[in-house]
Amino acid sequence: MSHLLFDAKLTEALRMDGDLPRVPVNRLQRKAQEQNVNYLSINNENSLASISDGNSPRSAKSAHSGSFIDYKSPGRGKSPARNKTPGLVAPKLSVRGAGQKTPGRKTPGRKTPTTPFNQQDRFIPNRSTTDLERSHQLLVNNMEASGGEKNSEEDVLTLQEKEYREKMTENLNDGQQPDTRILSFKNKAPQGKEGHVNNLKVLYSAGKPMVPKAASTRHIPNVPEKVLDAPELVDDYYLHLLDWSTNNHLAVALNSSVYIWNGGDGAITALTQLVDPDYICSLSWIKEGNVLGIGLSSGVTQLWDVAQQKLIRTMDGHQNRVTTLSWNAYILSSGSRSGHIFNHDVRVAQHHVSTLQGHTQEVCGLKWSPDGRLLASGGNDNQVNIWEKGSTTPLHTFTEHQAAVKAVSWCPWQNNLLSTGGGTADRTIRLWNCTTGICLKDVATNSQVSSIVWSSHYKELVSGHGFSNNQLTIWKYPTMAKVADLTGHTGRVLELCVSPDGEMVVSAAADETIRIWKCWAVDKKDKKQADSSKGHPISMFARTIR
């Protein structure tokens, strides 16, 4: 009998189609049985174990066979060891671990719960109203700023290069802040819990989409309407040798002579000529357009009646050349190389009313505000002073420019808004609120700024530049985005003026040419209404100037 018992045990040991009796359960399977979960085990010999049902664990691999045991897949039939646990409902979405059922398999008889129509669990951006390229750029910049992806090039950037990048970013975003409006949603996004901080810093806007508007579509000719020769035009950055009157007369100073170009019929008349070594330093028309102020290199200021071609008055007092003039009704202000500003009352015999001392070097920019309340002066000492009418103490002193400030211009439709431009060492245009004394905007132009004029029809301004392109640049206010560059001069632009109708800009340059550009064309209907309101012809003195 003993040999029969031995044969039975041997046969039982060699059978591989059933469970092995009296085999100890490993620690991981025993723990899975206690927690009543299925566990996919991997033994120390890197062999694949079977899926445990918690009751009858199987040996996955023989210790020395080196082959995987191919068990029947649970998905191809009903596993007798896998029992459904009563009372448990599977969630809609879950992260499954090892040994759990694959999401692609369906459980018979189990319905997937659906989300109600008005209770969506996510917000989908509206792609038609979202600027995807700008959104991607903002997210990348946000990641780099928060330490996600640092650019090693930023460590070696100079301060000027960093400022240039900031200005470029502002211009490319059409003046919008770089940290606003990335995604656009049709429905309003829910408010976060009190005290909640979103580390992703995702920004979005609710309601109607705010897409940046396109640039101006009006046509701006890139060639001048007319080119005039200006031989012997003095190439001096500090002088003002050009001015356009309200009667459409353009005054031009060529060395020691002054010429009047009639914009109505194109006639040119010589007004005066000085004796060497004197030369013309500045020109300025009175508001009515019938009297021209002329500043001389000898320190004398002359007043001329252009219609009669007659010298009305000579006013002295300056010890150096008169480089700039500006009218305020019957008050004529003159700036000199000595740094002094004289106010002349042209109605009385004792014309010298007051002296303004705020500059230590030559005064090269001088303008009264449209309402006649403030006077702005720029000097070679890199300062800009704001004077109140009747006061001899500056209201504000701006020292942000790093070079001489010749370009000084007031906004025609906002009395307290002033624009200034610096020379070669500065190359910056700055906008000032002269009520508060705050710099509203500064733009690096990368070229010398010699003159600035504003438009009365559009919210734009034009600046004249020297090296390196000798161009005129049209800027959009208040974003200061560049609208267009007007090139053609081969020498630096020295002076800019606006025509009385506000459509043309004239530029005088060191290449001894004067070019007239049509920068601000007005609609024909608006132009007819403006012309009908005028009671005088284009040129009041067209008949009297020969």
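Residues are numbered from 1 along each chain as its sequence is written. The model is predicted: local features need pLDDT of at least 70, side-chain atom pairs count only at pLDDT 80 or more, and totals for chains, interfaces and linings use all residues, while side-chain values use heavy atoms, without hydrogens and water.

The average pLDDT (the predictor's confidence in each residue, from 0 to 100) is 78 for the chain. At least 70 is reached by 65% of the residues. Residues 40–104 have a pLDDT below 50. Beyond near neighbours in sequence, this stretch has 63 contacts (heavy atoms within 4.5 Å) in the model.

Strands (E) are DSSP runs of at least two residues, numbered from the N terminus. The relative accessibility of glutamate 495 is 9%, so glutamate 495 counts as buried (under 20% relative accessible area, 1.4 Å probe, protein chains only). Among the residues touched by glutamate 495 are Leu239, Lys406 and Val506.

E30 pairs with E31 in the antiparallel sense over five bridges; pairing requires at least two DSSP bridges between two strands. Valine 498 has valine 505 of E31 as its bridge partner. Five residues lie between the strands of this hairpin, and glycine 502 takes a positive phi near 80°.

Strand E31 spans residues 504–509, and six of its six residues are buried. In a regular strand, side chains alternate between the two faces of the sheet. In E31, Met504, Val506 and Ala508 are buried on one side, and Val505, Ser507 and Ala509 on the other. E31 also runs antiparallel to E32, residues 513–518, with five bridges. Valine 506 stands opposite isoleucine 516 in E32.

How values were computed
Buried means under 20% relative accessible area, exposed over 50%, partly exposed in between (1.4 Å probe, protein chains only). Helices (H or I, at least four residues) and strands (E, at least two) are DSSP runs, numbered from the N terminus. Lists of a residue's contacts leave out its neighbours within four places in sequence.
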